[in-house]
Amino acid sequence: MKEKSRRGLSKALTGISGLDEITLGGLPRGRPTLVCGGAGCGKTLFGLEFLVRGATEFGEPGVCISFEESGHDLATNVASLGFDLEKLQRTKKLVIDHIYIDKSEIAETGEYDLEGLFIRLEAAIDSVGAKRVLLDTPEALFAGLSDVGVLRSELRRLFGWLKEKGVTAVITGERGEGTLTRHGLEEYVSDCVILLDHRVQNDAVTRRLRILKYRGSTHGTNEYPFLIDEHGISVLPVTSLGLTHGASKERISTGIAALDHMLGGQGYFRGSSILVTGSAGTGKTTMGAHFVDAACRRGESAILFSFEESPQQLIRNMRSIGLDLGRWVKKGLLHIEAARPSSFGLEMHLVRMHHLLAEHRANVVVIDPISALLPGGSAHDVHALVLRVVDFLKQSGATGFFTSVAVEEDMQSTSLSISSLVDTWILLRNIEVNGERNRLLYILKSRGMAHSNQIREFLLTAHGVQLRDVYLGPGGVLTGSARVAREAEERRELLRQQKTDKDRQFAVKVALRSLEAKIAELQAEKVARENELAAVIGEDQEQKTTRLADRDSLRRSRGMIDSSGRSPRPNGRERKP
Amino acid sequence: MKPAKQTKAKTANKTKPAEPRYDLRLYVAGQTPRSLQALSNLKKICEEHLAGNYRVEIIDLLKKPQLAAGDQILAIPTLVRTLPKPARKIIGDLSNTERVLVGLDLRLLR
């Protein structure tokens, strides 16, 4: 419950969401804190939430001295925030004392002091053992009592007395002209001063909180936007976030297979932020829908903030390209939050995102388009907003997908201010050639992954987005019909080529075949010659044999043949016939 | 002194058949010089202007702090005229008799 800062100043947690982070542990314990601001800026609520949270969450009963509203009015006012003041009073955790002075029924004569106030306050504190006190706002006394001198010295005494009493007090004060409070309460309460403010910018109200002073402690010094909604006050310390978020190595699909392929084959990094810039009608929302669809398919939770289309319209439109977002909504995986950008100020949008993100524990957040918020603020505001969105999404580990509408001509320059904040930046462009408009997609950057440098044609089909390679012709990039024509041309070319190839093959084959025929012919001739040769040889042999036989028979007939059948060769010689 | 006064006022009330016309309460916080001053001033004024027709109750908030809220007491001392209606409050030590008389609507009586 107690949190000590480095310097050892004891602090009391307020329980107000975000404030304890900025103050590094809450308000100074045992000291008064001045909360000032204009009418309707949430001073009373701030004080009451401080008391209620103290009583319900930190076991510190409280006393509320209201100088303006009755206890019943206060209870009614904060009932919508879930604060049950009457129950807290019944259970002795809270005392509300309404102190009012009606100048018309009071006459002043002679000296007096405000001991009655002290007595009432002390009695109230003692009755519940209060540790927290709200005075809302003692400045009302200035309207009821004419002796300002007495009043001032008594207030000074009161704040001193509160310190002595050791209660942590919140004192509210209406903002005066040129001064923090109308009657200079800041002179007496100097330990901690918190300034609340609400400004109207472009018809939207933004509430801001700033810690003007916090004696003895470091604190966030920026102006922090805050919001009053059904959860009470929420301060957003998002601007104070550092670059300390972790980085996941996990990759998640873009929902478009071809785009996954372009992004190193695996898609975006989980927890990264993706910006899709394009002019009107380039398919930005569709890409977002694909991404959401892919997340829901994985069973993850997603939120789609739509600033242009109602949930029903979005679901219907996505159905036309084969994406059924309705079933994810029914399953509770997808929450589509649609609001006109002008409904609230920038900060309010941010806070709603915060709440929804926490509520749905979303893994994937799509903001379509983030540029819708831009007209609501200056370039600086928008940069700050995007920075905060990116930071808080990263802090929560959610993957952020933002679309941004940009004019074709200066697409890159307008987005420059936010481009450095995102990890993956995809550009969608329209090109107009040959009487038609076609979509092109390319990845301008994608941190930490090898990604394609190619321009792809982006097609919306009945089965979702498809990416096609584009053709680079002499006249530039070819898309759409030109690409189709080119593809047909290519096919024809291919056919022609194939045909030529066939012809040539055929010709060679024919030549080969004729050669083969020739070879066969020669072969046959060769065989014939060989046969002829064999025949000649056989003939010769036969003739020889016949001649020998003839000679033998001749010899025999001459009787010159011996018994052995061999003709005697007296001279060993034989004369040929 | 104060309790005595209170009892005296009450007994006076009981013994008298008619209700006193003026019902007054003086809120103090302990016996401070200012409280005593207020009390003596009040006594003097009452005796002078409302003789026999008043009742004064003195409430010491140090002893009964819970009574402060009922009459919306803030300043000390405070004199409250509960009767006749409407209620009137006079804060301070009642040193300015004229203003006290105006505050109590007694100026008309004379």
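**Figure 1. Confidence along chain B of the predicted model.** Over residues 1-17 of chain B, pLDDT stays under 50. For this stretch, residues 1-17 of chain B, the model has 10 contacts beyond four places in sequence. Where pLDDT is low, the predicted coordinates should not be read in detail. Chain B averages a pLDDT of 76, and 79% of its residues score at least 70. The model scores pTM 0.65 and ipTM 0.78.

**Figure 2. Secondary structure and contacts of chain B.** Chain B contains three helices and four strands. Along the sequence, the elements of chain B follow the pattern α-β-α-β-β-β-α. Of the contacts in chain B with a separation of 6 or more, 69% are between residues 24 or more positions apart. Of the 110 residues of chain B, 37% count as buried.

**Figure 3. Strand 16 of chain A and the strands that pair with it.** Strand 16 (residues 273-278) of chain A is largely enclosed by the rest of the structure, because six of its six residues are buried. In a regular strand the side chains alternate between the two faces of the sheet. In strand 16 of chain A, A:Ser273, A:Leu275 and A:Thr277 point one way, whereas A:Ile274, A:Val276 and A:Gly278 point the other way; all are buried. Strand 16 of chain A pairs in the parallel sense with strand 20 (residues 399-405) of chain A over six bridges. In this pairing, A:Ile274 stands opposite A:Phe401 in strand 20 of chain A. Strand 16 of chain A also pairs in the parallel sense with strand 21 (residues 424-433) of chain A, over five bridges. Here A:Leu275 stands opposite A:Trp425 in strand 21 of chain A.

**Figure 4. The largest nonpolar core and the contacts of A:Val292.** The largest nonpolar core has 161 residues, of which A:Val292, A:Ala302, A:Val364 and B:Leu26 touch the most other members. This core draws at least three residues from each of domain 1 (2-240) and domain 2 (252-469) of chain A. Residues up to four places away in sequence not counted, A:Val292 touches A:Ala302, A:Leu304, A:Leu325, A:Leu334, A:Val364 and A:Val366.

How values were computed. Residues are numbered from 1 along each chain as its sequence is written. Chains are lettered from A and ligands numbered from 1 in the order in which they are written. This is a predicted model: local features need pLDDT of at least 70, side-chain atom pairs count only at pLDDT 80 or more; totals for chains, interfaces and linings use all residues. pLDDT is the predictor's confidence in each residue, from 0 to 100. Two residues are in contact if their C-beta atoms, placed from the backbone, lie within 7 Å. Helices (H or I, at least four residues) and strands (E, at least two) are DSSP runs, numbered from the N terminus. A residue is buried if 20 or more other C-beta atoms lie within 10 Å of its own, exposed if 12 or fewer, and partly exposed in between; C-beta atoms are placed from the backbone. Two strands pair if DSSP finds at least two bridges between them. A nonpolar core is a set of buried Ala, Val, Leu, Ile, Met, Phe, Trp, Tyr and Cys residues joined through C-beta atoms within 7 Å. Domain bounds come from an automatic or database domain assignment.
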